[in-house]
Amino acid sequence: MRKMLSLLLFSVLVTMGVSAWSAEKTLKLGVIAELTGDMPAVGTSCKNAAELAVKEINAAGGLQVGKEKMKVELVVEDNAGKADQSAAAAQKLITQDEVLAIVGPNASRYAIPASEIAESSETVLITPWSTNPKTTLDANTNQPKKYVFRACFIDPFQGGVLAKFALENLKAKKAAVLYDVASDYNKGIAEVFKTNYEKLGGKIVAFETYTTNDKDFSAQLTKIKDAKPDVIFLPNYYSEVPLQVQQAKRLGITTPFIGSDSWGSAELLKLGGAELNGYYFSTHYAADNAAPVAKKFITDYEKAYGAKPDDVAALTYDAFGLLFNSIKAAGKADREAIRASLSTLPSYKGVTGDMKFQADSRDPIKSAVILKIKDGQFTYFTNANP
Amino acid sequence: MVYWLQQMLNALQLGSIYALIALGYTMVYGILTMINFAHGDVFMVGAFFCFLAATYLGLPFVPTLLLTMIGAALVGVLLERLAYKPLRNAPRVSAIITALGLGLFLENFTLALAPYPKHIPPLLENVTWDMGGVSLSSLQVLIIFLSLGLMFLLDYVVHRTPVGMAMRAISWDKTFVPLMGIPVDLIISVTFAIGAGLAGAAGVMYALAYPVIDPYMGIMVGWKAFISAVVGGIGNIRGAMIGAFILGGVEIMVTAFFPSTYRDFVAFTLLLLLIVVRPYGILGKPRTQKV
């Protein structure tokens with residue numbers, strides 16, 4: 001009996017040893033995505049692009065870390081479209097799954113709480129799509145966070161681009177804004193747009209708000225109609241914009257609408273249909289006017305998932321590109337080493353353009369594009385800089 | 001002037017939808033003195049039935065509306081038979097917890113089947129008339145008149161038919177009414193069916209007016225309808241309608257007067273004050289507790 005027991009113990013020890021040995025060969029990376037909740041299309045794009053990036057690197061034999069090649073293992077967490085679950089997911093990935101670095105969440109109202117956890121646990125977090133400046137800034141000191149990076153431009157930049165576009169390309173002297181006051185992203189960019197638009201000589205005639213999950217905007221839109229703007233800015237998420245446009249049209253509003261990068265999901269076209277034709281929005285990249293580097297990604301993504309990658313997918317892919325390059329440059333699988341090499345990474349050629357982190361900033365310098373919705377398709381309109 | 005007329009129209013549309021849902025809360029409370037917190041989610045299920053009928057069966061408006069109302073009524077009866085009936089003599093708190101649980105079940109069941117928000121195709125050709133600056137859409141006219149029609153029909157059923165008389169009798173006294181030969185279980189099921197059917201109709205109209213639907217849409221609307229029912233005097237059908245139009249009106253007018261951020265804050269403060277002045281609601285009567 002005792003012999004059998006010791007044999008059993010021995011075999012258990014051996015298997016544990018084997019699994020520990022094989023675990024050394026893999027790198028664990030975490031993803032936090034909005035897979036359920038009010039923007040599942042965003043989370044799905046993020047997850048798809050992450051899996052594609054990891055599949056590619058593993059198909060090539062793994063990632064070169066120092067002298068050996070390591071396979072990458074992905075741990076995907078759903079934040080259910082909730083701020084508290086975003087923080088909990090970050091906590092779980094860092095302490096329980098012991099990932100080396102995290103990509104996501106995407107929307108600013110989820111990325112900000114998750115970034116606090118990553119910062120205090122000293123783990124690199126790259127958010128692909130969160131454009132609110134607060135994501136990478138420490139709330140107390142207003143200095144850049146040490147461990148939080150992003151793969152996209154920030155709202156002060158985007159707001160400036162849109163203000164200039166409304167005034168110069170659309171010749172709109174009076175603008176109205178309708179935005180979700182309970183959401184970090186929407187509120188941030190609405191305010192930046194207002195400041196920039198007024199600085200450039202435009203006039204904001206209505207600055208109206210609502211709260212997340214509202215469906216009836218008739219009172220606000222009636223107010224906007226009464227103010228007679230030349231253009232209406234809707235910096236809101238893809239599931240809300242179609243409702244706002246439809247209700248505006250029913251109230252007899254014929255003013256053109258413009259939007260920001262939160263419009264960029266193919267779901268917007270499904271929900272809004274022909275009602276959105278002829279409107280413009282700013283975003284990170286144009287699938288129909290992409291650089292050669294991006295072409296391969298777009299074909300691979302289409303082959304794998306049967307849809308064109310939206311901006312979230314492209315930015316997630318770039319976030320993984322940044323991460324892979326920095327791990328390679330660091331030469332070892334260590335959280336602190338990754339942070340150091342990421343902040344000093346030379347210019348990275350991504351799907352959404354070239355990006356490089358400035359010395360004392362976690363926000364890459366990039367340019368924006370303006371897309372036009374034409375015949376139910378996103379089409380490239382112009383490159384934009386404020 | 002034009003501006004105010006437009007805002008009044010907006011308020012009427014919103015109030016009509018709240019009213020149809022508030023009726024379900026008030027009817028169930030009237031008969032069982034129980035608050036059916038799953039009712040807002042029955043409304044959501046109604047909107048999804050409308051989506052299924054319109055998208056997969058390709059039905060036009062009238063069959064969609066009828067099918068949705070029947071479907072929602074069945075859901076209402078099922079909830080009552082499977083979840084509430086076994087608890088009819090249990091403590092009131094157990095029934096309320098069950099209702100909350102059922103609401104969560106309906107939300108997450110729908111979420112599991114349809115995680116993405118769904119778009120409802122336009123079932124009716126929408127025409128917008130411009131009358132001296134006031135825009136009136138055919139959809140608004142339909143919503144307001146259909147809701148009013150259904151409310152008057154319900155009022156007639158409750159006050160002028162034998163079924164209605166039985167409902168009122170049960171609400172008056174549950175112990176002795178069965179002795180008069182009234183099938184209590186059947187009447188309670190009918191009440192749930194009517195309440196849920198109206199919520200289904202509200203779901204269709206909501207889906208037409210705000211054609212992006214998701215599994216969580218019933219929560220906030222359900223709360224607002226519940227508040228309407230309380231303001232009007234819970235248990236009282238006409239009160240629920242009045243309460244709903246008041247809430248719709250207050251919400252729209254607050255947004256029209258103040259920055260829209262203050263909407264819920266000001267609207268609910270006003271409603272709280274109203275409850276302080278009339279604790280039983282506008283048309284509610286104090287109930288004497290029988291010992």
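**Notebook: chains A and B of a predicted model**

I began with helix 7 (residues 218-227) of chain A, which lies across strand 7 (174-180), strand 8 and strand 9 of chain A. Helix 7 of chain A runs at about 175° to strand 8 of chain A. For such angles, axes are lines fitted to C-alpha atoms, for helices over the stretch in contact, and angles run from 0 to 180 degrees between N-to-C directions. Helices (H or I, at least four residues) and strands (E, at least two) are DSSP runs, numbered from the N terminus.

I noted the conventions next. This is a predicted model, in which local features need pLDDT of at least 70, side-chain atom pairs count only at pLDDT 80 or more, and totals for chains, interfaces and linings use all residues. Residues are numbered from 1 along each chain as its sequence is written, while chains are lettered from A and ligands numbered from 1 in the order in which they are written.

**Sheets of chain A**

I looked up the open sheet of 7 strands in chain A and found the order 8-7-9-10-11-14-15, with mixed pairing. Its edge strands are strand 8 (203-210) and strand 15 (377-384) of chain A, each of which pairs on one side only. The twist averages 25° from one strand to the next. Two strands pair if DSSP finds at least two bridges between them. Strands of a sheet pair through backbone hydrogen bonds, either parallel or antiparallel.

Within this sheet I examined strand 9 (residues 231-234) and strand 10 (residues 257-259) of chain A, which run parallel and are joined by 3 bridges. Here A:L234 stands opposite A:G259.

I then turned to strand 3 (residues 68-78) of chain A. Strand 1 (residues 26-33) of chain A runs parallel to strand 3 of chain A, with 8 bridges between them, and A:K28 stands opposite A:E73. Strand 2 (residues 63-65) of chain A runs antiparallel to strand 3 of chain A, with 3 bridges, and A:Q64 stands opposite A:K69. Strands 2 and 3 of chain A form a hairpin with 2 residues between them, and A:G66 in the turn has a positive phi of about 60°.

**Confidence in chain A**

I checked pLDDT, the predictor's confidence in each residue, from 0 to 100. The mean for chain A is 88, and 94% of its residues reach 70 or more. Confidence in chain A is lowest in helix 1 (residues 2-23), at a mean of 55, and highest in strand 9, at 96. Two residues are in contact if their C-beta atoms, placed from the backbone, lie within 7 Å.

I counted 10 helices and 4 strands in chain B. Its C-alpha trace spans about 60 × 50 × 35 Å along the principal axes. Residues 24 or more positions apart account for 76% of the contacts in chain B with a separation of 6 or more.

Finally, I looked up the contact between the chains, which takes 29 residues from chain B and 27 residues from chain A. On the side of chain B that touches chain A, the largest share, 5 residues, comes from helix 1 of chain B.
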